[in-house]
Amino acid sequence: MVESQDSTHLTMTMPFLPLAGRTKTTLCKMSMDSRARKVFAAALKAVQPHTVVQQNVERKDDAIIIDGHKFTLQHNLHLVGFGKAVLGMAAEVERIMGDHLVKGVISVPHGIQETLQQHGKHHLLLKENSCIKIIEGAKHNLPDTDAQKAAEEIMHLASELQEKDILLVLISGGGSALLPAPIPPITLQEKLDVTRKLAAAGATIQELNTVRRALSLLKGGGLAHYAHPAQVVALILSDVIGDPLDLIASGPTVQSEVWPEEVLSVLERYNLLHTVPVSVKDVLGRTSPRWKGNKDQTDKAEHVLNVVIGSNSVALMSAGRCVRELGFRPVVLSPGVCGNVRSVSRLYGLLAHFACSREEPPPEIATEVLRLGPEVGVESWDLCRTMQVLGEGRTEGWGATCMLAGGEPTVKLTGKGRGGRNQELALRVGLELRGLDLPPSGPVFLSGGTDGQDGPTEAAGAITDGRLYEEAQAQGLDIDSFLINNDSYTFFSCLSAGKRLVVSGLTCTNVMDVHMLLIPPIPINIG
């Protein structure tokens, strides 16, 4: 069973584990491009919905063990879920629990059952005559009346539970839109309008969640409240940097205080206080809690267990194991890379030049790397640790190294082309690698989205190296024009018949993005 608390520790210590000698043959037979794609596939496999449930839910006779906690099964297990990956998670729970699973309701994206059937993903579908009710909703990833109906049924199921019951809550990315439950008399449309105006005004995700929680019956610990006194166990597939429990799907199982004054302050900050509907002002003006006191409130937190069972760190850990099998020494920079792709690509380019230098790298590289750290969400300690491993690999003859990272950078839109952050990042890193040796003697970079869809395209990302600029020039492709128009997908589709695109197909999961820089053995100039 995988303990979620250990993931980061294992990931960060991975660079210092010894290489297995049996991997040298594999290293020689595969191209750098093929190895990068294989590592990305390994990362995806580790965070499949059914896989993360298998790894974290252990059935022993009439009991289950989750995160070291043992729960007795007496035909007392109920299930609810909301999110894009929840159907596959529920299918695996159903297989594990058998007839101990009494009833369930899950809120999943519109059309997902048909899509999974069309792609042959039958293992992610519920069995016939399942006791779990599926409600599809949230077209275009926006809350709608179908999702609201699902939320009402989930709340009703939770409200009927007793102390002997266990409520298993499955949560993944997209869960917030699939669990809309505005506090009456606020309507769904009114709540949507308030959050849209805040987002358009530039409110942070924390500010948006503060408002969402204040206007919702289920977010911010509401679901756990309605389930009390039953035991609540939440299994979470995280798509948020740092895996903050209160932000993933707005934390329906994470108790949080909601202060009306704080919400009013947010609305006033963006000059929206006088434009919100009367119903919102009514709810924020109440002195009583969001929920009616229909259940005993004592020791609620003791009846809730939240466990992150899948995350970017889990994907990177699996990628690291695959990298080692392919003959590389892995080093994980960070699972929380963010900021503009321009800054991220510059950082990766500098680290590539640092690792591939045949002589002692100029100190200006390290200085610039450390300066960029805060812009891309990477701590100085992680940058120093990564440069130490890359430097030792270069000077002490370790051979091939692979730097792994993950997260969710952003793209500043200046055009109307087709593309996504991963393809644009790969394109920009390709320019940064210009001047370095070409594969197999030079580095290769891959960036891919674990959801398999980078922007409005069929590609998950792209793979690049130091020959990108000359290859584009030879084929009459002006890279700057494509970048200005945010048209990275069209660029990679046209370049060499699309061979650099990474197309994974339907992945059924999302733990943000995976970045990797493969660095071959570098001959050092001595003397």
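These entries record what I looked up in a predicted model.

**Entry 1. Conventions**

I number residues from 1 along each chain as its sequence is written, and I use heavy atoms for side-chain values, leaving out hydrogens and water. Because the model is predicted, local features need pLDDT of at least 70 and side-chain atom pairs count only at pLDDT 80 or more, while totals for chains, interfaces and linings use all residues. I take helices (H or I, at least four residues) and strands (E, at least two) as DSSP runs, numbered from the N terminus.

**Entry 2. The six-stranded sheet**

I first traced the open sheet with the order S10-S11-S15-S12-S13-S14, in which the pairing is mixed; two strands pair if DSSP finds at least two bridges between them. S10 and strand S14 (501-502) are the edge strands, each pairing on one side only. I then looked at helix H3 (residues 32-46), which packs on the sheet and touches S11, S12, strand S13 (461-465), S14 and S15; contact means heavy atoms within 4.5 Å. The direction of H3 makes about 150° with that of S15; angles run from 0 to 180 degrees between N-to-C directions, and axes are lines fitted to C-alpha atoms, for helices over the stretch in contact. Helix H16 (residues 380-395) also packs on the sheet, where H16 touches S10, S11 and S15. I noted about 160° between the direction of H16 and that of S10.

Is strand S11 buried or exposed? I found seven of the seven residues of S11 (residues 401-407) buried, so the strand is largely enclosed by the rest of the structure; buried means under 20% relative accessible area, exposed over 50%, and partly exposed in between (1.4 Å probe, protein chains only). In a regular strand the side chains alternate between the two faces of the sheet. Here Thr 401, Met 403, Ala 405 and Gly 407 point one way, Cys 402, Leu 404 and Gly 406 point the other way, and all are buried.

Strand S10 (residues 329-337) pairs with S11 in the parallel sense over six bridges, and Pro 330 stands opposite Cys 402. S11 and strand S15 (residues 513-519) run antiparallel and are joined by seven bridges; Thr 401 has Ile 519 as its bridge partner. Strand S12 (residues 444-449) pairs with S15 in the antiparallel sense over six bridges, with Val 444 opposite Leu 518.

**Entry 3. The three-stranded sheet**

I next recorded an open sheet with the order S1-S2-S3 and antiparallel pairing. Its edge strands are S1 (58-60) and S3 (69-72), each pairing on one side only. The twist averages 25° from one strand to the next. Three bridges pair S1 with strand S2 (residues 63-66), and Arg 59 has Ile 64 as its bridge partner.

**Entry 4. Helices H8 and H9**

How do the axes of H8 and H9 cross? I read that helix H8 (residues 188-201) and helix H9 (residues 205-214) have axes that come within 10 Å and cross at roughly 165°. That makes H8 roughly antiparallel to H9, a term for angles over 145 degrees. Lys 191, Val 194, Thr 195, Leu 198 and Ala 199 in H8 meet Leu 208, Val 211 and Arg 212 in H9.

H9 is mostly covered, with seven of its ten residues buried, among them Glu 207, Leu 208 and Asn 209. The buried residues of H9 pack against H8, helix H11 (260-269) and helix H12 (278-284).

Key:
Parallel < 35°, antiparallel > 145°, perpendicular 65-115°, else oblique.
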